[in-house]
Amino acid sequence: MNHRPYRHTSVAFAVALALGLPAYAQNMADAPEGDDGLDTLESLAPIEVQSLRLNTEVLTSPAAVDVTEARDIQQGRAKAQLDAALNRTPGVYANNGSNFAQNLRISIRGFGARSAFGVRGVKVLVDGIPETLADGQAQTDTIDLGAVERLEVIRGPFSALYGNATGGVVDITTTTPASGPVDRGELTVGSHGYRRIEAATAHERGDWGYALTASQLDIEGYRAHSEVKKQQLTGKLERRVGTTGTLRLITRVLDAPDTLDPGGVTLEQAQSDRRSARDANLAFDARQSAEQQTIGLVYEDQLAQNQSYQANLFYSHRDFIQFLPFEDAGVVAYERDFFGGGVQTTRFDTLFGHENQIVAGIDAQIQQDARTRYDNIAGDRGALGLDEDQQATSIGVFAQNVFSISSDLELTTGLRYDYLDFDIDDAFVTATDPDDSGSRTYHEVSANAGLSYAWAERQRVYANVANAFESPTFTEFADPAGNGGFNSELDPQKAVQYEIGAKGEIGTRTRYQISAFWIDVRDELVVFNDDGRRDFYQNSGKSRRQGLEAKLEYAVNDELSAMAAYTLADYEYREFVDDGGVDYAGNAIPGLPEERLFAEVAWRDSDVGYATLDMRYAGSFYADNANTAKIDNAWIFNGRVGKTIDAGDDNLTVYFGIDNMFDEVYFDNIRINAFGGRYYEPAPDRTFYTGLAYEL
């Protein structure tokens with residue numbers, strides 16, 4: 001048993017204060033009275049929020065929610081993965097940005113860190129269409145960073161409104177026709193064989209509008225056996241209907257034929273050669289190929305002056321094959337159809353003479369996987385070992401109401417019911433492999449309640465409480481004692497979340513937010529690996545997450561700005577005895593730094609160019625439940641500069657960037673509880689890139 005003190009790193013805390021307190025003092029001394037700088041300082045302009053399913057803005061929303069705009073997501077960046085954009089948000093930890101075969105790992109308030117592949121515990125939406133499947137798993141490989149115009153993150157209790165996710169929500173909006181007129185071509189090249197080509201266009205013509213982004217990414221990779229090839233297309237076609245309606249056709253296409261997996265290595269291997277791949281990954285040619293096509297329809301309109309509605313339909317098809325670094329059933333393949341839709345309506349009214357807003361709706365999704373497994377014979381597909389049809393059906397009904405008790409005090413209440421049905425039809429039945437067909441059904445109710453008080457103009461405090469649940473995915477349902485079917489001992493994890501927070505603006509140049517959370521989790525889903533092949537899952541009993549999140553944004557003037565996002569948290573098993581009788585109570589949940597800091601200083605002049613320096617700090621953490629393998633803290637600095645050249649009516653931007661500027665030795669990904677101590681995936685060393693963007 002390892003009882004740990006609740007602690008923080010004084011250096012990181014000092015950096016956060018160094019950015020914050022001078023900004024506060026200077027703002028109080030220098031801000032001119034009556035200055036409406038919010039109109040000229042884009043970073044501090046009022047920001048509307050879409051992901052809360054309510055019509056509100058960040059400052060007045062009664063929740064921990066962040067918005068990142070296109071400039072901070074794309075400007076001067078290599079645009080490989082979403083981690084660079086997500087790590088700007090307190091409470092969010094995104095890593096594994098270098099191994100594309102394992103997908104990006106995203107955790108919010110400690111949920112999602114267990115994921116061995118894909119995203120767990122976090123609901124992902126793109127243009128109102130769910131990227132998270134009916135069973136709760138999501139991939140981010142279909143999201144092209146060059147097409148992302150806006151990224152919203154909900155942390156904490158209000159994410160319960162989306163169901164089947166205990167961590168939060170990532171809501172992404174891609175380029176809209178209203179962003180135009182834009183016609184742009186871009187080329188980026190860099191270290192380790194990095195090359196990205198992009199073409200984008202966006203225009204409105206009368207009642208019609210379109211936006212299209214196409215890109216091709218090729219990376220040889222820092223480590224051996226880490227090559228990536230992928231092509232993406234993101235499109236949007238809009239048509240105004242009547243005076244208030246909009247019909248939107250959305251499409252995304254992914255073709256990733258060659259994504260190699262270098263695998264995790266031991267600490268000794270990482271120290272002797274950080275660029276090496278695991279021997280087994282080379283011997284079995286570990287890799288994956290994926291194709292996905294998504295199409296969606298979204299319609300928005302007014303039912304009346306005080307009531308709006310939105311409806312959506314979508315369909316996704318994915319072909320996937322992965323070669324894992326072992327022989328027995330080491331090839332995973334599936335064909336997936338994922339489809340569904342939803343409708344919601346929002347109404348503004350008065351109740352008992354007070355302002356009232358209510359939103360209600362329904363989501364329905366079906367996921368059908370034709371899944372097979374084969375032996376991996378030195379990188380070739382061998383004998384069939386599993387053949388089953390999997391279907392997950394998810395239906396959720398929700399309502400949320402905001403009642404103005406007074407002009408300064410609001411009460412928010414929400415309720416959601418989820419029906420989840422998992423079915424497996426086993427088609428691989430032999431004399432030694434019995435029929436593993438079966439089904440599991442869940443009926444879950446989630447609720448949230450909160451108070452929000454505006455104690456001064458543009459100043460707000462709030463408190464929320466909610467319960468949430470998270471079902472195992474089909475991958476996590478895998479039975480360690482069998483070949484297919486369900487692990488009958490695995491249950492959904494349940495969480496009760498408490499949060500208090502404050503947010504506001506100081507003068508016209510400073511915006512802040514701070515929140516504290518306490519989350520009790522029962523039956524947490526945790527990974528274990530007992531044979532070096534597949535990851536299996538079990539429930540851990542009880543765990544607790546508690547912490548503090550803060551963010552400060554300061555605009556020195558129209559060109560110069562600074563921001564910092566800080567997280568201090570404690571993630572701990574409260575009750576957990578594994579199948580071998582080992583008691584982990586009091587141990588830290590692996591994969592999660594207790595302390596994180598992101599800070600940035602940026603200078604931007606639309607007529608000249610830009611220069612940005614950012615820093616990311618992650619404190620030490622553990623790679624295993626026993627807390628015997630400790631990962632050191634890391635400081636990573638990145639910089640980028642860009643120069644705009646006037647080319648008549650067109651613009652040419654030349655940019656240059658350095659990632660990991662001081663060549664920090666750290667690990668980009670940690671494989672939790674990996675067999676044989678192969679936890680480590682070394683991060684790239686100092687990396688350079690340069691690019692040209694030509695805009696008509």
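Q: Which residue stands opposite Asp171 in strand 9?
A: Glu152 stands opposite Asp171 there. Keep in mind that this is a predicted model.

Q: How do strand 8 and strand 9 pair, parallel or antiparallel?
A: Antiparallel, over seven bridges.

Q: And strand 3 with strand 8? In which sense do they pair?
A: Also in the antiparallel sense, with six bridges between strand 3 and strand 8. Within that pairing, Ala64 faces Arg155 of strand 8.

Q: What is the strand order in the open sheet?
A: The order is 3-8-9-6-7, and the pairing is mixed. Strand 3 (64–69) and strand 7 (129–130) are the edge strands, each pairing on one side only.

Q: Which strands pair in the parallel sense?
A: Strand 6 (residues 122–126) and strand 9 (residues 168–174) do, over five bridges. Val124 has Val170 of strand 9 as its bridge partner.

Q: What holds strands together in general?
A: Strands of a sheet pair through backbone hydrogen bonds, either parallel or antiparallel.

Q: Back to strand 8. Is it mostly covered or uncovered?
A: Mostly covered. Strand 8 spans residues 148–155, and seven of its eight residues are buried.

Q: New topic. How confident is the predictor about the chain?
A: The protein chain averages a pLDDT of 89, and 90% of the residues score at least 70.

Q: Where is the pLDDT below 50?
A: Over residues 5–43. In the model, this stretch has 65 contacts beyond near neighbours in sequence. Where pLDDT is low, the predicted coordinates should not be read in detail.

Q: What about the largest nonpolar core? Which residues touch the most other members?
A: Phe422, Ile631, Ile670, Tyr679 and Tyr680 do, in a core of 34 residues. Strand 20 (409–426), strand 25 (525–528) and strand 35 (667–670) each supply at least two residues of this core. Strand 20 gives the most, with three residues.

Q: What does Tyr680 touch?
A: Leaving aside neighbours within four places in sequence, its contacts include Gly263, Leu267, Ile631, Phe667 and Ile670.

Q: Which residues are in the second core?
A: That separate core has 21 residues, among them Leu104, Val122, Ile143 and Val148.

Q: Now the rings. How many aromatic pairs are there?
A: A search of the whole structure finds 14. One of them joins Phe477 and Phe486, with ring centres 4.9 Å apart. Their planes are at 90 degrees, so the pair is edge-to-face.

Q: Are those two buried or exposed?
A: Phe477 counts as buried, at 0% relative accessibility. Phe486 is buried too, at 12%.

Q: Which residues do ring pairs link into a cluster?
A: Phe422, Tyr442, Phe474, Phe477 and Phe486.

Q: Why does Glu198 count as buried?
A: Because its relative accessibility is 3%, and the cut-off for buried is under 20%.

Q: Which side chain does Glu198 make a polar contact with?
A: That of Lys79, at 3.2 Å. Beyond four places in sequence, Glu198 also touches residues including Gly146, Arg184 and Thr213.

Q: Last one. Where is Asn627?
A: In the loop between strand 31 (621–622) and strand 32 (630–631). Asn627 counts as buried, at 8% relative accessibility. A polar atom of the Asn627 side chain lies 2.8 Å from the backbone nitrogen of Ala588.

Definitions and conventions: Residues are numbered from 1 along each chain as its sequence is written. This is a predicted model: local features need pLDDT of at least 70, side-chain atom pairs count only at pLDDT 80 or more; totals for chains, interfaces and linings use all residues. Side-chain values use heavy atoms; hydrogens and water are left out. Buried means under 20% relative accessible area, exposed over 50%, partly exposed in between (1.4 Å probe, protein chains only). A polar contact is a pair of N or O atoms within 3.5 Å; within protein, one must be able to donate a hydrogen and the other to accept it, and residues adjacent in sequence count only if both atoms are side-chain atoms. Contact means heavy atoms within 4.5 Å. pLDDT is the predictor's confidence in each residue, from 0 to 100. A nonpolar core is a set of buried Ala, Val, Leu, Ile, Met, Phe, Trp, Tyr and Cys residues joined through side-chain atoms within 4.5 Å. Helices (H or I, at least four residues) and strands (E, at least two) are DSSP runs, numbered from the N terminus. Two strands pair if DSSP finds at least two bridges between them. Rings of Phe, Tyr and Trp (its six-membered ring) pair if their centres lie within 6.5 Å; planes under 30 degrees apart count as stacked, over 60 as edge-to-face and the rest as tilted.
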